[in-house]
Amino acid sequence: MEKTLTIPEYKADWAEGENGKWGMVIDMDLCTGCQACVAACAMENNISFVGEEDAGYGRTMHWIRIERFWEGTYPEIRMTPYQPILCQQCGHAPCEPVCPVFASVHSQAEQINLQVYNRCVGTRYCANNCPYQVRVFNWRDWPRPAPLENQLNPSVTVRRRGIMEKCTFCIQRIRQAEDVAKSEGREIRDGEVVPACAQACPADAIVFGRLDDPESRVSQLANSPRGKKLLEELGTLPQVTYLLGG
Amino acid sequence: MSQEISRRDFLKLGGLGAVATMVLTGCGTAARYVRRTPYTKMPEYTFTGQSTYFATTCRECPAACGLIVRTFQGRAIKVEGNPNHPVNAGKTCARGQATLHGLYNPDRIQGPFKRSARGSEQITPLDWNAAIQVVAQALRETSPQGIAFLLGMAPDHLFDLVSDLARALGAPAPIRFGALGMFEARATLRKATQNVLGQDGLPWFDLGAANVVFSFGANFLETWLSPVAYTRLFSQMRRGERNEKRGYFVQFEPRMSQTASKADEWIPLRPGTEGWVAQALGKLIADARGLQVAAFSGVNVEEVAQNSGIEVAELQRLADLLMKARRALVIPGGAALAHTNGLENAEAILTLNALLDAPITLSPLSPFGDAYHQPASLQEMAALIERMRRGEVQALFIHGANPVFELPAALGFAEALQKVPLVISFATFPDETALQADYVFPDHHGLESWGYQRLATGSAFPTLSSSQPVVVPFYNTQATADVLLAAAAQIGGAVAQALPYTDEVAYIQARLSPLLEQKNGFFGAPEINTFFAYFQQYGGWWKTTEETVKPSWENAFNRRLQVKAAEFAGEGEFHLLPFISPVLGEAGANKPWLQEVPDPTTTVMWNSWIEINPQTAEELGLQDDDVVRVVSDQGSFEVSVYRYPAIRPDVVAIVFGQGHTAYGRYAQGRGVNPGQILKPVTNAAGDLAFAATRVRLEKTGKKRAISRLESILGVYGEH
């Protein structure tokens with residue numbers, strides 16, 4: 001275990017999975033559907049808003065959305081538990097092999113699906129092939145009237161028209177924590193990296209951490225008998241586990 | 001400390017004031033004098049490539065959640081929760097996250113001005129000296145009884161200052177108002193507590209300690225009282241952290257709200273029968289236990305079953321659920337209180353807790369030893385409007401409230417405003433009320449402001465939450481507190497003597513100085529500068545001991561209670577149930593990202609919709625996106641239909657928060673305001689009975705598509 005938690009000197013030295021597997025657990029019994037994660041994600045990651053009309057055409061740029069379905073009819077009606085859907089960071093990702101320009105690639109180090117914005121030519125093959133529908137495309141240069149640009153996060157690239165984008169597990173926060181840990185000559189502590197969605201979640205339904213550390217909170221929860229992967233039967237090996245039931 | 005302290009002295013104090021001040025606060029007290037300068041002369045706390053974090057208090061609602069704002073070279077980048085804060089413990093809601101879209105909103109008011117005519121966009125810019133002149137003149141030349149101050153539900157330091165000012169002038173005390181308070185029916189909850197327990201204060205419902213929770217209309221996961229704090233407790237209940245087992249939750253209300261959608265059971269009872277159902281449950285429990293409870297004794301369970309639409313067997317099952325629970329809790333709130341019998345409903349629901357050893361306490365007082373000053377009920381607002389209409393108000397000062405939009409139009413605030421010769425608004429955003437003001441002297445945004453906020457409820461620890469500027473004011477705005485203090489100094493005499501403060505910070509420090517002597521805070525300091533530095537750094541001051549008040553239920557057992565039938569205004573076949581938008585709240589409509597955050601239950605973005613049962617819609621021949629005219633005896637509007645599967649067939653529900661006629665490009669001309677057609681009837685506590693209006697629907701033959709997230713997910717085949 002000690003070895004796998006070490007951060008190598010050069011990033012090129014990273015072997016697959018060596019620097020851990022980052023993963024997430026979402027407890028659907030706790031999620032209240034409040035959308036704090038959606039807003040927090042947008043603020044952290046410089047996500048554009050598209051306006052009413054384009055939103056109606058399904059061009060919203062949410063990297064995380066909350067799904068819910070209805071079962072039955074009134075008065076025997078139930079809402080299925082709110083389910084936040086974000087990029088599942090598949091270990092065997094359908095979006096990757098279809099990209100003609102290698103913009104959708106796998107990070108060896110963190111076991112995360114990357115989107116390289118300056119390689120992307122906007123074929124949208126990846127989005128078509130994603131079974132979770134979590135990739136969003138910049139159909140336009142979305143307006144951001146001054147002085148709203150003051151809020152942009154300098155740690156995250158601003159995307160333009162014709163680029164595909166998606167949840168990154170807040171990679172900028174992972175990188176920052178890695179750098180801090182390295183400069184202090186220690187390992188990353190459990191709970192040190194918190195993506196924007198988990199940080200905001202008032203119900204504490206989202207837990208993030210390293211799946212390769214059996215002691216981490218996220219590992220323990222992911223092994224819960226309540227844990228399920230989304231569309232598990234497709235064999236995409238998601239890094240996100242949903243906890244069903246109470 | 002000395003209360004008369006000049007800026008120069010203050011700076012000296014801050015500089016000498018010890019290494020402690022400089023080291024322990026990122027920004028330091030000197031920040032209030034920082035102006036935007038070229039980056040070659042960056043303030044000392046700004047490092048290239050490094051973020052600076054400031055603790056402050058969220059102003060998107062009055063719950064006073066603590067924030068840590070990440071700033072980067074003088075710009076506010078991201079809002080995060082303050083992990084140590086007793087209210088939110090590091091968490092935020094969507095509105096808190098989007099507060100930056102208020103700070104950097106393209107439609108903010110950029111400087112003081114005079115309007116050529118009310119409602120006109122033609123303005124003459126003024127400078128701040130002229131603005132202070134105008135305020136001073138208005139305060140000096142208006143007879144004290146002709147002055148009225150109308151403030152919002154936050155911030156508290158301004159409310160305290162205006163209270164002091166009003167006292168010094170001999171003017172009536174300031175009135176507080178906000179749509180959130182109106183939709184929470186706060187006055188009703190408080191009055192019911194007073195009547196049932198004989199104690200004053202807002203109850204604090206400790207969900208985390210309960211393993212069965214019944215809620216009658218309280219939307220505590222959305223906007224109610226302190227939603228982030230209540231969501232944390234809900235999470236504790238569901239995890240069974242303080243009870244071994246997962247807590248069970250039942251919600252009673254005619255429409256499945258976001259809160260009800262998290263319930264294990266949603267019971268759609270007939271609107272206005274909540275009190276009867278509580279009484280019936282109480283009677284069944286009291287009978288089973290051989291107890292005598294006066295409030296429940298005369299209740300006929302069969303009759304309640306018939307009226308409410310919940311069968312007797314079902315009532316019995318629910319009563320058993322409460323009885324078998326190790327610790328049960330029943331919460332009154334929201335629409336259950338917003339009927340003509342709302343106060344009696346609240347009393348009946350609250351009394352039920354007397355039988356259950358419910359984990360209810362009364363929220364603690366603030367560290368100052370006083371309570372959060374509650375917003376006015378509708379009745380009190382009606383009294384103010386009557387004074388305005390009779391011409392008794394010659395000068396109206398408005399800050400932090402938007403009554404033209406928020407109050408039911410039938411109450412006539414807008415017309416009464418015409419009778420007020422001078423209206424001065426301190427609005428940050430060009431809202432409907434600011435549009436009707438003669439002068440607008442914009443306050444800073446909350447993230448550019450000093451201040452403090454008491455908690456109405458939200459924590460068991462007495463807490464004072466602090467605000468500090470996280471960025472230098474972006475526009476030519478001025479703190480309203482500073483404007484009023486400068487005006488008071490110009491007036492001179494007794495008024496200037498009563499407010500001998502050089503500026504806002506001096507006032508806040510003077511208010512805070514009694515806390516220096518308190519021993520049980522989580523920090524202390526020997527003198528005010530150090531104390532104030534800590535106060536900024538930690539985001540407030542709170543005690544380390546819980547100081548909630550135990551309720552006394554003895555009175556509740558003997559108190560008789562007659563719950564009358566709810567009365568409904570109008571002839572329509574549907575009950576109109578307005579609910580405050582869980583995402584936008586009362587004032588979120590001008591923030592573009594909040595507009596694009598989907599409503600949790602319907603996933604609608606950017607507009608209003610009316611919810612109608614799909615069965616009823618089919619009978620009426622209505623489809624999704626069909627525009628209907630909603631008609632009450634107060635007026636009508638047109639809005640698109642959303643077939644909502646979890647609503648009673650005799651109820652239609654509409655979101656409150658859209659329908660602005662001003663308030664910037666993202667809010668204006670979008671959706672409808674249900675306040676336009678509400679009949680301003682009140683319950684016995686004087687709160688608006690917002691669920692008491694009946695409406696009918698008329699087809700228009702038009703169609704207007706609503707943008708929603710769910711359509712792309714293929715919920716409805718036709719989209």
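**View 1. Strand 21 meets strand 24 in chain B.** Strand 21 (residues 610–612) of chain B and strand 24 of chain B run antiparallel, and two bridges join them. Here B:Ile610 has B:Ile654 of strand 24 as its bridge partner. A quick word on terms: helices (H or I, at least four residues) and strands (E, at least two) are DSSP runs, numbered from the N terminus, and two strands pair if DSSP finds at least two bridges between them. Keep in mind that this is a predicted model, where local features need pLDDT of at least 70, side-chain atom pairs count only at pLDDT 80 or more, and totals for chains, interfaces and linings use all residues. Residues are numbered from 1 along each chain as its sequence is written, while chains are lettered from A and ligands numbered from 1 in the order in which they are written.

**View 2. Strand 24 of chain B, with strand 20 alongside.** Strand 20 (residues 574–580) of chain B runs parallel to strand 24 of chain B, with six bridges joining the two. One of the links pairs B:Leu577 with B:Ala653 of strand 24. How many of the six residues of strand 24 of chain B are buried? Six of the six, so strand 24 (residues 651–656) is largely enclosed by the rest of the structure. "Buried" means that 20 or more other C-beta atoms lie within 10 Å of a residue's own; 12 or fewer makes it exposed, and in between it is partly exposed, with C-beta atoms placed from the backbone. In a regular strand the side chains alternate between the two faces of the sheet. Both faces are covered here: B:Val651, B:Ala653 and B:Val655 are buried on one side, and B:Val652, B:Ile654 and B:Phe656 on the other.

**View 3. Two positive phi values in chain A.** Most residues other than glycine have a negative phi. A:Leu237 has phi near 55° and belongs to the loop between strand 11 (227–228) and strand 12 (240–243). A:Phe169 is buried, with 24 other C-beta atoms within 10 Å, whereas A:Leu237 is partly exposed, with 14.

**View 4. Two cis peptide bonds.** Most peptide bonds are trans. The bond joining A:Ala146 and A:Pro147 is cis, with omega about 5°; A:Pro147 lies in the loop between strand 8 (136–137) and strand 9 (164–165) of chain A. The bond from B:Ala154 to B:Pro155 is cis too, with omega near -5°.
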